[in-house]
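Subject: Structure handover

Hi,

Here is the structure I said I would pass on. My notes follow below it.

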Amino acid sequence: MGLSEAEVVPLLEPREGIPPVCETSEALAAAVERLAGGDGPVAVDAERASGYRYGQRAYLVQLRRKGSGTFLLDPVPCSDLSALNTALAGTEMVLHAATQDLPCLSELGLVPDLLFDTELAGRLLGYPRVGLGTMVETVLGFTLEKGHSAADWSTRPLPADWLRYAALDVELLVELRDALRAELDEAGKLAWAEEEFASILAAPPKEPRQDPWRRTSGIHRLRTRRGLAVVRELWTTRDRIARERDLSPGRVLRDAAIVEA
């Protein structure tokens, strides 16, 4: 049941302020040690640079745990996060829309033993809208800052307001997990949800798409084999250039231009 506007409180600042970004092996080791000494589940999030850079790599990883605080890890200089697996062995990691972040976290060596996906929990409970901001507002009565999810997170240095946004994304994630877990239990759906979470972790990596050029937007307008061959060659060349320059393919050449050609 939703809350009235009068009951909703804006969440403007992280409880302990904006944490410094961990950019060295020493800072990462200290973060791992502090997270290992915390209690309960660990909230995890990752920021990518979709639309700006090639692929879906993470450019910031956020973690928060009771008794440890919030940590912002820069995976560009700290590209191996596997030490967290040992430090957090057997600890549940809480993600929102886990299938989006697990691949880029796996690239960094971070693989959860146990998972709670707050988006999937919301779906299983029948919430009509399951975005993180909406869920935090509906379930916990707080509004999160919006506006930086589609930013170019490969930017360095990251602006302070972006870091505030990133820290707030994990600020209440464990509290959201606790509330949704209680609702799942009350609805008799907890065991079902836990099976779904385990299934996500056990799923093999997605196989590369066959003929990915066929997903070019607007390709349905083409009717000739020659036209499709042109799209295939332009798409393949664009992809090679985008990979070499670490740019989103759409920033090299838009789909509309490929189809028009």
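Start with strand S6, which is covered on both faces. Glu92 and Val94 are buried on one side, and Met93 and Leu95 are buried on the other. Keep in mind that this is a predicted model.

**The sheet around S6**

S6 belongs to an open sheet of six strands. The order is S2-S5-S4-S3-S6-S7, and the pairing is mixed. Strand S2 (21-22) and S7 are the edge strands. Each has a single partner strand, so one side of each is left without a neighbour in the sheet.

Two helices to look at here are H6 and H7. H6 packs on the sheet and touches S2, S3, strand S4 (58-66) and strand S5 (69-73). The direction of H6 makes about 45 degrees with that of S4. H7 also packs on the sheet, where it touches S3, S6 and S7. Between the directions of H7 and S3 the angle is about 115 degrees.

Now the neighbours of S6. Strand S3 (residues 39-48) runs parallel to S6, and two bridges join them. Val42 stands opposite Met93 in that pairing. On S7 (residues 114-117), the pairing with S6 (residues 92-95) is parallel too, over four bridges. Leu95 faces Asp117 there.

**Glu92**

Glu92 lies in strand S6, and its bridge partner in S7 is Leu114. Is Glu92 buried or exposed? Its relative accessibility is 16%, so Glu92 counts as buried; the cut-off for buried is under 20%.

What does the side chain of Glu92 make a polar contact with? The partner is the side chain of Arg177, at 2.6 Å. Leaving out residues up to four places away in sequence, Glu92 touches Pro41, Val42, Leu114, Leu115, Phe116 and Arg177.

**H7 against H8**

Helix H7 (residues 173-186) meets helix H8 (residues 190-202), with the axes coming within 7 Å. They cross at roughly 125 degrees. H7 and H8 are therefore oblique to each other. The residues that meet are Arg181, Leu184 and Asp185 from H7, and Leu190, Ala193 and Glu194 from H8.

**The loop between S8 and H6**

One is Ala151, in the loop between strand S8 (142-143) and helix H6 (160-171). Ala151 has a relative accessibility of 11%, so it counts as buried. Which residues does Ala151 touch, not counting those up to four places away in sequence? They are Arg48, Ala49, Tyr52 and Trp162. For a distance check, take Ala151 and Ala198: they are 47 residues apart along the chain, and their C-alpha atoms are separated by 31 Å.

The other is Pro157, also placed in the loop between S8 and H6. The peptide bond from Arg156 to Pro157 is cis. Its omega is near -5 degrees.

**Backbone angles**

Two aspartates come up here. Asp211 is not a glycine, although it has a positive phi of about 50 degrees. The place of Asp211 is the loop between H8 and helix H9 (225-245). With 38% relative accessibility, Asp211 counts as partly exposed.

Asp246 is not a glycine either, and its phi is positive at about 55 degrees. Asp246 is in the loop between H9 and helix H10 (249-252). The relative accessible area of Asp246 is 26%, so this residue is partly exposed.

Over to you.

Best wishes

Definitions and conventions
Residues are numbered from 1 along each chain as its sequence is written. This is a predicted model: local features need pLDDT of at least 70, side-chain atom pairs count only at pLDDT 80 or more; totals for chains, interfaces and linings use all residues. Side-chain values use heavy atoms; hydrogens and water are left out. Two strands pair if DSSP finds at least two bridges between them. Buried means under 20% relative accessible area, exposed over 50%, partly exposed in between (1.4 Å probe, protein chains only). Contact means heavy atoms within 4.5 Å. A polar contact is a pair of N or O atoms within 3.5 Å; within protein, one must be able to donate a hydrogen and the other to accept it, and residues adjacent in sequence count only if both atoms are side-chain atoms. Axes are lines fitted to C-alpha atoms, for helices over the stretch in contact, and angles run from 0 to 180 degrees between N-to-C directions. Angles under 35 degrees count as roughly parallel, over 145 as roughly antiparallel, 65 to 115 as roughly perpendicular and the rest as oblique.
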